[in-house]
Amino acid sequence: MENHRRTPNNPSTFDRDSNLRRTGDRPAPRPRYQNRDERFQSRGERAPRPDGFQSRDDRFGKRPSRFGPRNDRNDGKDGFAPKGKVPAWKEEPKIKIVSDLQVTDGKSHGKYLKNSTSAKFTVTPRRLREAMFKILFRRVRARRFLDLCAGCGMIGIEAISRGAIVSTFVERSSKMCSFIKKNMEALEIKTGHGEVVEIELGPFLKRIAKRKRQWDVVYLDHSGGPEFDEAMKYLSRGTAITVGGTLAVEHPSEIFLPERSGVLRRWRVIVQGEKAISFFERQ
């Protein structure tokens, strides 16, 4: 039986339909152009750019903008900046911390404090302060801070700079109290945020124990001797420290304070050179 499938091998079936192409027909070859411009000009089109892209003005034409000339490279000078980027006019030059008398962070970052030239009154090294406030950042912000044996007020001012509501400075030397007041004036700290008390450490804690006044974070510089031991007796009873509050004691690195002392429990110790800070929490 003869196969009537319409295949190129059966020319008789292709002859029956004039619309079908006969065997052996090939499509007309495409004209060859010397370059791409001739190819597009023959069709009345514009040749694309060599990189294959067209600018917005080429596609849609130039249109005036009501916001002025377009700034493709937005560096923030016009008041608008990409998401997550600070405008250039808001960026402040970074201040390097090169002295122990500089505030390490916060509103007063990089500003210098005045201190006595006497060797008795030294400030906590800046690297130790940075490490301490990195740990206490959430405990200090929007809280009350007590700086015992304040000296020139470096620790308490650091706390205010980092967001503390109020810092109380306790210092027995009238000369150092005057330095604290001068430093607060220079840094434009309002009197409501800084409280200076000129008194001995023992009588101050005894008075506070009767008034039952408390702070969220208490800082004590280890000076040794009976004054420090008396202060630790009051603090171990919970004097001046809120429940869940923190006591930070600065001491020489070769001295180890007990893990538990009354209602205080030590939860961390950091060491920086010859100095160390032990952190206690009131339970």
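A salt bridge here is a side-chain nitrogen of Lys or Arg within 4 Å of a carboxyl oxygen of Asp or Glu. By this rule the count comes to ten salt bridges, and R265 and E281 form one of them, with their closest N and O atoms 3.5 Å apart. This is a predicted model, in which local features need pLDDT of at least 70 and side-chain atom pairs count only at pLDDT 80 or more, while totals for chains, interfaces and linings use all residues. Residues are numbered from 1 along each chain as its sequence is written, and side-chain values use heavy atoms, with hydrogens and water left out.

**The sheet**

- Helices (H or I, at least four residues) and strands (E, at least two) are DSSP runs numbered from the N terminus, and two strands pair if DSSP finds at least two bridges between them.
- Eight strands make an open sheet with mixed pairing, in the order β3-β2-β1-β4-β5-β8-β7-β6.
- At the edges sit β3 (194-198) and β6 (260-261), each pairing on one side only.
- Strands β1 (residues 144-148) and β4 (residues 215-221) pair in the parallel sense over four bridges; L148 has L220 in β4 as its bridge partner.

**Helices on the sheet**

- Contact means heavy atoms within 4.5 Å; axes are lines fitted to C-alpha atoms, for helices over the stretch in contact, and angles run from 0 to 180 degrees between N-to-C directions.
- Helix α5 (residues 154-161) packs on the sheet and touches β1, β2 (166-171), β3 and β4, with its direction at about 180° to that of β2.
- Helix α7 (residues 201-211) lies across β1, β2, β3 and β4, and runs at about 145° to β1.

**Salt bridges, one by one**

- Buried means under 20% relative accessible area, exposed over 50%, and partly exposed in between (1.4 Å probe, protein chains only).
- D105 and R162 meet through their side chains in a salt bridge of 3.9 Å, N to O.
- Because D105 lies in the loop between α3 (56-60) and α4 (126-140) and R162 in the loop between α5 and β2, this pair ties together parts that are 57 residues apart in sequence.
- D105 counts as partly exposed at 39% relative accessibility, whereas R162 counts as buried at 9%.
- R129 and E158 form a salt bridge with their closest N and O atoms 3.0 Å apart.
- R129 is in helix α4 and E158 in helix α5, so the pair ties together parts 29 residues apart in sequence; R129 and E158 are both buried.
- Salt bridges that share partners join D105, R129, E158 and R162 into one network.
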